[in-house]
Amino acid sequence: MRMSRAFIPTEKEAPKDAVLSSHIYLARAGFIAQVASGLYNLLPLGKRVLKKIERVINEEMEHAGAQEVELSFVTPAELWEESGRIHKFGKELLRFKDRKENLFVLGPTHEEMMVNLVRNRVSSYKQLPLNLYQIKTKFRDEARPRFGLMRAREFVMKDGYSFHASTEDLDREFDAMEAAYKRILERLGLDFRIVEADSGAIGGSGSKELMVLAESGEDTLAVCDRCEYGANIEAARRSARREIPEAPEADFNRFETPGIKSIADLSAFFHVDPYYTLKAVAKRALYEDGDEIVVFFLRGSDDLQEVKATNACGAMELVDVDEAELTAIGLVPGFIGPLDLASVRTVFDNDVKGAGHMICGANEPDAHYVGVDLSVLPEEAQYAELYEAKEGDGCPVCNGTLGYTKGIEVGHIFKLGTVYSEPLGAEFLNENGKAEPFVMGTYGMGVSRLIAAVIEQHHDDKGCVWTRATAPYLVNIMVSNIKDEAQMALGEALYASLRASGVETIFDDRKERFGFKMKDAELVGYPLTVIIGKELANGNVQLFDRTAGEKRDVAAEEVEKHIMEWLG
RNA sequence: CGGGGUGUAGCUCAGUAUGGUUAGAGUACUUGGUUUGGGACCAAGGGGCCGAAGGUUCGAGUCCUUUCACCCCGACCA
């Protein structure tokens, strides 16, 4: 491409609403342009990057035996009624009616559509397994789109779905997909981590997220400093405590504790490690039909992980409650304990099962019990994992230590089982001629988000630094002064030659000054820029490596050889 | 959805507390000239329904009401 003819509108100033580096540079360098909240146009450079990422995905999917399809973007609302998700998805689903008043939604993900495609077309175990995927625009009417391509309403996603006759076969495919996803991210040149994750509202198990490590990531990850273990904070586990604080010696007793409401105050009041205090966290659990207040109990040294808590009580979501609401049902805020508790649903963290020497609220104002043995709790008490793993906790798989890091979720794979095939009645006949629902897996990857993730991880104060697999053009031939005939002649010759060799090349033949073109080259982030300038008088040109940020002189007649070596 | 903020030239922003010539700057763009290795300089230009609607006033970018859009914090996010 000749830059004099290219549509690459670079800007000196960032759009005022851009906060993230990737958003700023992608906008300034002319890759994207905002249209409305969460909606972006991809300009020629952006489209090229997208296609390069898509190509890597397609190659790896082909290699893994998956087949590409393309399902319609507009999907009939009836399918969403059938699966029940039209209610669960809520306002994120953009709905509209056609001229015949039929209701449709813009696809935010395509489980229903894919199941619908396969059911009744695949009817025998002999036709399984099957792995179908697409790379397609999705639309989710996000409550708050932000960060440019990172959280847009309209975005491009690769979504794949596999169909199996058994969970064993699903497990095999899941591992194969994990390996394929790993290869894709490696090829794109990203530093990432595969972590355990919550499977979310969609249901299922064996959930893993692919996280590109970046400070600006929206997800917090707990990762081990010794082994491969990593998990989204929502699902992170820890080993048993290495050191148990010395237990306080006290017989069961009731104490007046005026105004002592927080764990910190309680711990100070009794000179006891918070480990031996019982924390009560009350939330209102919202279900599909109705809601209730639930009290979660865990050690004072732990914090409640809301996603775990939500799953533990089977709620759609948990919301905060105020003191008046608690008082109204007979709870005493600040002094809630498990003994003689008013009739309210409770869930206990596994770690307090049978715990002794505990201090907990007495369910009356200004009083606590000490020396409580929680093995007195009734048999039917509900226990679940409620704690949030903290930095410094022990790794659950080795004896390393967990630390926090931030990640950008670019992929999510999980085992669906029959959660869609069953309600949608998608069945096949097994070897015994008996009908069974398909066992399914789903594999998503945010393609447009990956564009942003690459830059979030690869940029400097001058602009984008594309990896080789993602760069819109690999080589930029920059002629410093287009009025210099020798410079221009070499530029033209080199451009023609590289193009003939199939190298993705852009030719900066604009009537601009050296500094202007260099700033542009750095902002856009071409991996290699060939500078044909004043050094040509001495028989030299320069190769500017964007990643290293260094220029080196090479003989003009050998420049192509050097470029080919650089390309590898 | 709760709280806060901003809408003036393609872009980044002054001007709005206290209403008053013809609405400004930088940048970008056009033309001419000088420059030519780190976003050049000089000169001359083009470009605005001051987000929209209504109102107050002799007079509104500025005051009042309504509304729309966009952004930030939070909630939410297969």
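**Ground rules.** I number residues from 1 along each chain as its sequence is written, and chains are lettered from A and ligands numbered from 1 in the order in which they are written. The model is predicted, so to speak of local features I need pLDDT of at least 70, and side-chain atom pairs count only at pLDDT 80 or more, while totals for chains, interfaces and linings use all residues; side-chain values use heavy atoms, with hydrogens and water left out.

**Entry 1: overall.** I started with the box. Along the principal axes, the C-alpha atoms of chain A fill roughly 95 × 65 × 45 Å. I then counted elements: chain A has 13 helices and 31 strands. Both are DSSP runs numbered from the N terminus, helices being H or I of at least four residues and strands E of at least two. Of the 568 residues in chain A, 52% are buried. My cut-offs are under 20% relative accessible area for buried, over 50% for exposed, and partly exposed in between, with a 1.4 Å probe and protein chains only.

The accessible surface of chain A is about 26100 Å², and carbon and sulfur atoms hold 47% of it. Areas come from the Shrake-Rupley method with a 1.4 Å probe; for residues, only the protein chains shown count as cover.

I also looked at contacts, meaning heavy atoms within 4.5 Å. Taking contacts between residues at least 6 apart in sequence, 68% join residues at least 24 apart.

Charges came next. Chain A carries 67 positive and 94 negative side chains, and the centres of the two sets are 8 Å apart. Lys and Arg count as positive, Asp and Glu as negative; His and the chain ends are not counted. Each charge is placed at NZ of Lys, CZ of Arg, CG of Asp or CD of Glu.

Entry 2: I noted the domain assignment: domain 1 (44–71 + 108–237 + 403–456), domain 2 (253–384) and domain 3 (475–567). The bounds come from an automatic or database assignment. Between the C-alpha centres of domain 1 and domain 3 I read 40 Å.

Which residues have the most contacts inside the largest nonpolar core? They are F31 and W466, in a core of 83 residues. A nonpolar core here is a set of buried Ala, Val, Leu, Ile, Met, Phe, Trp, Tyr and Cys residues joined through side-chain atoms within 4.5 Å. Helix 6 (residues 167–188) gives the most to this core, with eight residues. Domain 1 and domain 3 both give residues to this core, so it lies between them.

I listed the partners of W466, skipping residues up to four places away in sequence. Among them are L26, F31, V49, I451, V454 and I455. W466 also touches A471, P472, V524, G525 and P527.

Entry 3: I checked helix 10 (residues 447–457). Here 11 of the 11 residues are buried, so helix 10 is largely enclosed by the rest of the structure. R449 and E456 are among those buried residues.

In helix 12 (residues 514–524), the buried residues include K517, D520 and E522. G525 follows helix 12, and its phi is positive, near 90°.

**Entry 4: loops.** L128 and P129 are joined by a cis peptide bond, with omega about 0°. P129 sits in the loop between helix 5 (111–118) and strand 7 (130–139).

E101 is not a glycine, yet its phi is positive, near 70°. Its loop runs between strand 5 (95–97) and strand 6 (103–106). E101 counts as exposed, at 54% relative accessibility.

D340 is another non-glycine with positive phi, about 55°. I placed D340 in the loop between helix 9 (323–328) and strand 17 (345–349). D340 is exposed, at 65% relative accessible area.

Where is G189? G189 is in the loop between helix 6 and strand 9 (192–196). G189 is partly exposed, at 33%. Beyond neighbours within four places in sequence, G189 contacts Q457, H458 and T467. From G189 to R468 the C-alpha distance is 7.7 Å, across 279 residues of sequence.

D225 lies in the loop between strand 11 (219–224) and strand 12 (230–232). D225 is exposed, at 56%. Setting aside neighbours within four places in sequence, I found D225 in contact with G400 and T401.
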